[in-house]
Amino acid sequence: MRMEDLRYLIRVAEIGSISQTAESCYITQQGLSRIISSLEKELGVRLFHRSGNRILLTDVGEVVVARARELDTMYQRMLSDISRNTSDREGRPPVDYHIYTTQLICATLLPKVLSALNLRYPGINLNVEELHPPEIADSVDFTENSVGIISISTFHQAESLRLTNGELVFDRYFEDDLMLGVAEHSPLARRGRVSVEELATIPLALCNTEAAMAHNLLDPGMEPTVALHISSYDLCRDIVSRNRAAGLTSTLRDHYSKSPIRAVPLEKTVTVSYGCIYDPAIPRTPFIKDLFSIVKTELSHI
């Protein structure tokens with residue numbers, strides 16, 4: 001019995017579906033089913049029973065999962081104690097990994113990426129710093145233990161000196177076009193397309209770098225009508241869904257959002273790309289390689 005198998009068991013119990021758990025953990029459905037069957041065979045008990053479209057814990061399964069959570073907590077404490085003890089004895093600090101990312105990534109795919117990382121690397125020292133895309137592309141000093149997971153528009157890519165001269169590399173895994181986001185009951189929801197001139201008159205709720213993107217959706221000399229400029233991505237989406245203002249949306253935003261927002265195509269488009277940015281001169285550690293793979297797989301599901 002492995003700790004990783006117990007973590008899969010905990011996740012299945014939380015999600016209530018083998019297929020959804022397998023997708024969130026980046027493992028095949030068949031592989032996850034084998035892990036659960038192996039645990040049941042080793043323990044000599046049935047852990048789940050089916051109820052409609054969900055699987056639920058049996059009474060003994062509830063006990064096993066409760067103890068699995070306790071073991072996982074103890075195991076992570078042990079790893080943390082070992083890391084501190086080894087670092088103190090060898091006179092070096094523990095390895096810290098850094099992820100530089102954007103507000104949009106934090107609000108959408110990053111929680112799933114971190115969940116997958118936690119399964120593979122329990123007790124790891126991981127720091128996440130949220131920055132604007134130009135800051136990550138032009139100001140961050142990447143090391144062998146750091147990487148950027150970013151959303152970046154075509155105009156920001158073109159303006160980045162380090163990307164254009166090859167000092168940094170951006171691995172693009174997905175891209176989409178910005179669209180106007182409106183409430184489902186908004187009159188604009190029935191529109192086939194919104195012109196540049198009309199977009200300039202629509203009150204917008206924008207967060208952080210969306211203001212710069214809004215300018216690029218208009219013709220030179222035009223200014224967007226910004227009704228609200230806030231830092232919270234989720235609050236911005238909520239305001240749009242309540243028809244208090246329109247906003248910007250895209251395929252990726254809609255994929256991860258719980259707010260009922262209708263996407264309306266725009267006459268002028270801005271393409272946003274999503275992926276990992278790094279220094280090609282620095283060798284990538286196994287952890288960083290795994291991180292790249294997880295991000296790529298997550299974005300392939302959109």
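**Strand β5 and the cysteines**

In strand β12, isoleucine 277 is the bridge partner of glycine 148; helices (H or I, at least four residues) and strands (E, at least two) are DSSP runs, numbered from the N terminus. The model is predicted, so local features need pLDDT of at least 70 and side-chain atom pairs count only at pLDDT 80 or more, whereas totals for chains, interfaces and linings use all residues. Residues are numbered from 1 along each chain as its sequence is written, and side-chain values use heavy atoms, with hydrogens and water left out.

Strand β5 and β12 (residues 271–278) run antiparallel and are joined by six bridges; two strands pair if DSSP finds at least two bridges between them. Strand β3 (residues 96–101) runs parallel to β5, with four bridges joining them. Valine 147 in β5 is the bridge partner of isoleucine 99.

Because eight of the eight residues of β5 (residues 146–153) are buried, the strand is largely enclosed by the rest of the structure. Buried means under 20% relative accessible area, exposed over 50%, and partly exposed in between (1.4 Å probe, protein chains only). In a regular strand, side chains alternate between the two faces of the sheet. On one side of β5, Ser146, Gly148, Ile150 and Ile152 are buried, and on the other Val147, Ile149, Ser151 and Ser153 are also buried.

With a disulfide defined as a pair of cysteine sulfur atoms within 2.5 Å, the count is zero. Cysteine 106 is in no disulfide, and the nearest cysteine sulfur, that of cysteine 207, is 12 Å away. Cysteine 106 is partly exposed, with a relative accessible area of 25%. Cysteine 276 is buried, at 0% relative accessible area. The closest cysteine sulfur to that of cysteine 276 lies in cysteine 106, 13 Å away, too far for a bond.
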